[in-house]
Amino acid sequence: MDTGTEIGEHLMEPSSGAGETVLPRPVEALPMPALASATRKLADKLIEHFAMGDPAALALAQAVVDPSAARRAAESPERLRVPGGVILAIRADVWARHVIPDPRNPRIGPSRRHPASNLIGTGESTRFRPLAEPVAASEKHPELVQRLANQEHLAWAAQLAREYVLDHNDWRESLRHQGVMTEVWLAATAFQHEDSTPGVSVPVTVEGSSRVTCAHDLLDLRSADVPYIRDTTKLRSHIRKLNDAITTAGDPAQVDPEVAVTVRCERLPALLLVGFEPHDGTTADFGVAVKSLVALRHVDSPKPWGEAAENEALADAVVDEIERRKLITGAKADWLRGALSPDQAKAAGFNDDPAVRAAAIVRLFAERDQSIHAAVRVAITGQSTRKNITTKLLLDVASSLVMRSVSEEDSRKRERMRKYLKSAFPGELAKDWEATFRGTKELAGAALEEVGKGEPDVATRELAARSAYPLVINGQLTGDRGTKNNDQPDRRHPGEVIDRMRSTRHGVHQLKQTLLDSAAGRRTRKVDEAGQILQNDDGRDILVTDADLRRTFPPAGEGPSPTPAPRNAAEDLGNALHDLATSIQAVEGAVKAVEAVRADDGTRAIDSLGADRADCEAWRNILQDVLFKLPVWQQRSIQRHGIITEDSYELDVDLDDDEVDEEPDDEFGDQSADGDTCPQDNVA
């Protein structure tokens with residue numbers, strides 16, 4: 001039975017942006033396996049106190065790292081309540097090479113094929129009948145009995161379980177760095193064979209099978225061999241060699257990485273289930289009690305926190321750790337946590353603008369300074385051991401703190417804001433920049449200078465980090481809302497749109513206006529390329545919408561948005577460039593269609609048949625002529641407008657494409673699909 005319950009986790013490498021795993025646990029020399037006399041004493045204690053059979057007691061005793069400590073624990077065992085009675089258990093470290101994961105891991109239950117299907121023996125996955133449930137031993141011994149056809153039956157079942165675990169619940173990356181962190185539950189189990197093979201007893205996991213499976217894989221050990229090859233003398237020699245390697249290295253940090261992984265996996269914490277006290281009048285036995293205990297963990301388990309609650313906990317842990325290391329003051333920690341009201345923040349010397357606070361939080365979580373980054377890493381991996389520390393995780397966790405400034409009380413709207421905000425901070429924010437307290441106009445001026453040089457840099461990143469908050473919270477930039485009743489051809493994340501905006505003069509002006517309007521308590525008004533507020537024919541200011549921002553700042557490669565009735569050369573040129581972009585995209589699609597044609601043997605037909613020589617020559621000349629012109633046009637644009645046309649940075653955020661938005665799009669205000677202004681909702 002199975003499986004790991006430690007919380008998962010992941011974060012980014014500050015300089016490269018690559019995934020970074022949990023902080024490795026330092027290695028230390030392993031204790032030598034106990035002598036036979038100490039093992040025997042523990043077995044006798046288990047027999048005396050819990051009425052275990054000799055083979056079962058000896059199997060548990062041989063697996064224990066420190067029999068003397070286990071003997072002391074046996075004097076006052078833990079009492080685990082289950083329906084029908086109380087299970088008795090003792091805690092002890094055990095040798096991974098002397099225990100095995102449950103060969104009939106319940107996780108693979110739905111995929112098992114039983115004799116009733118008439119498939120047994122028809123293929124490798126159905127070579128044997130599935131292993132039956134283990135049952136309680138006779139004479140009320142606190143142990144289990146597992147019946148097998150033969151050793152090959154065990155090997156087959158164990159292999160199926162192993163393949164499933166490595167495909168669906170892989171703990172190896174975590175174990176390489178940390179080893180097993182929480183105890184596995186073990187019950188002594190007697191394997192009885194239907195052929196002439198003598199029976200054997202071995203500790204088998206009733207909880208934690210995935211972790212033991214992965215530990216065995218890292219130790220290059222076949223689990224099904226363990227019941228038949230346990231050899232304390234060989235284990236003692238093996239441990240001595242590992243300890244010699246640690247001693248030779250001197251510094252634990254210099255130990256060979258593979259040796260370190262082996263050392264971390266050789267022993268693991270365990271809860272040995274050694275007894276059962278049934279309630280009066282019940283018929284429950286040890287086997288039923290063990291099933292009940294596991295069911296309480298997996299069948300009737302506590303409801304998971306959910307992503308939002310997990311990120312909240314991680315965010316608090318990060319701020320706490322940075323404060324604990326005295327890298328920020330207590331007052332700043334309170335400001336970042338959202339523990340200060342706007343008035344209190346201002347009185348304490350901090351900015352009361354939630355957009356400024358948002359930028360400071362994002363910068364903190366994506367900080368490249370090693371002291372800060374180390375604190376972030378320790379805080380997150382201290383609560384979880386299977387997540388990579390990636391840019392996406394950092395920005396997701398940061399958005400949880402940012403959301404604490406939001407006053408919206410409707411839980412559904414808050415959840416939608418949280419979802420959109422997670423993807424609103426461009427991945428570019430993982431690069432160098434600083435969260436300052438300078439005013440909006442000063443910041444926008446610096447950003448315009450960078451764009452004018454064709455090099456959007458630190459100022460535009462800070463501007464993007466600040467602007468994301470009001471654009472999302474005011475509903476003027478949203479994430480993917482699904483496809484039902486929703487004309488949303490542009491499926492970019494909000495962060496990609498903002499990143500595109502920060503690379504143009506027009507976009508910088510629009511982000512600046514976003515911050516100015518937000519500080520004034522109003523929704524963002526639309527501006528032209530010079531930063532002037534646009535108005536309707538009746539003189540009312542036009543408010544920005546999601547569709548309008550996406551149309552005005554399209555993905556790189558789509559060209560300018562078309563103008564229905566061009567009135568000057570610039571608009572005529574914009575329409576022509578849009579047509580060019582459409583044609584280039586059509587060429588790209590046509591090339592993919594050509595390459596998709598397959599010959600009878602499955603290979604690409606174009607690779608074997610080719611295309612007409614004259615046609616290819618003509619196409620190449622046309623394309624080469626275009627390629628010569630594009631850099632010239634780009635340079636003219638930079639000289640005149642300071643516009644950079646580099647591709648936007650792609651932020652790796654999971655899309656919920658199947659999510660259906662059943663509610664009207666005006667939950668946060670007008671979200672008209674075509675971006676036209678609305679007399680009631682879209683004017684100030």
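How many bridges join E6 to strand E7 (residues 184–193), and in which sense do the two run? Five bridges join them, and the strands run parallel. The structure is a predicted model: local features need pLDDT of at least 70, side-chain atom pairs count only at pLDDT 80 or more, and totals for chains, interfaces and linings use all residues. Residues are numbered from 1 along each chain as its sequence is written, and side-chain values use heavy atoms, with hydrogens and water left out.

**Overall make-up**

- The protein chain has 25 helices and nine strands; helices (H or I, at least four residues) and strands (E, at least two) are DSSP runs, numbered from the N terminus.
- Of the 684 residues in the protein chain, 46% are buried. Buried means under 20% relative accessible area, exposed over 50%, and partly exposed in between (1.4 Å probe, protein chains only).
- Among contacts (heavy atoms within 4.5 Å) between residues at least 6 apart in sequence, 74% join residues at least 24 apart.
- Accessible areas come from the Shrake-Rupley method with a 1.4 Å probe; for residues, only the protein chains shown count as cover.

**Strand E6 and its partners**

- Strand E6 (residues 144–148) is largely enclosed by the rest of the structure, because four of its five residues are buried.
- Strand E5 (residues 135–136) pairs with E6 in the antiparallel sense over two bridges; strands count as paired if DSSP finds at least two bridges between them.
- Ala136 has Leu144 of E6 as its bridge partner.
- On the E7 side, Gln146 stands opposite Phe191.

**Nonpolar cores**

- The largest nonpolar core has 65 residues, and Ile322, Phe365 and Phe425 have the most contacts inside it. Such a core is a set of buried Ala, Val, Leu, Ile, Met, Phe, Trp, Tyr and Cys residues joined through side-chain atoms within 4.5 Å.
- Helix H19 (residues 458–473) gives the most to this core, with nine residues.
- Phe365 is in contact with Ala315, Val318, Leu394, Val397, Ala398 and Leu401, leaving aside its neighbours within four places in sequence.
- Another core, of 55 residues, lies apart from the largest one; among its members are Leu42, Phe191, Val200 and Val204.

**Surface and loops**

- Leu627, Leu630, Val632 and Trp633 make a nonpolar surface patch of about 370 Å². For a patch of this kind, residues have over 30% relative accessible area and no salt bridge, and nonpolar side chains (Val, Leu, Ile, Met, Phe, Trp, Tyr) are joined within 5 Å. A salt bridge is a side-chain nitrogen of Lys or Arg within 4 Å of a carboxyl oxygen of Asp or Glu.
- Val632 is found in helix H25 (residues 613–641) and counts as partly exposed, at 41% relative accessibility.
- Asp432 sits in the loop between helix H17 (411–422) and helix H18 (440–452), and is partly exposed at 43% relative accessible area.
- Not counting residues up to four places away in sequence, Asp432 touches Arg363, Arg368, Val458 and Arg461. The C-alpha atoms of Asp432 and Arg363 are separated by 9.0 Å, with the two residues 69 apart along the chain.

**Positive phi values**

- Most residues other than glycine have a negative phi.
- Asp220, which is not a glycine, has a positive phi of about 55 degrees. Asp220 lies in the loop between helix H6 (209–218) and helix H7 (226–229) and is exposed, at 72% relative accessibility.
- Lys326 has a positive phi near 60 degrees. Lys326 is in the loop between helix H11 (307–324) and helix H12 (330–337), and is exposed with a relative accessible area of 73%.

Notes: Patches are made of residues with over 30% relative accessible area and no salt bridge: like charges are joined within 9 Å, nonpolar side chains (Val, Leu, Ile, Met, Phe, Trp, Tyr) within 5 Å.
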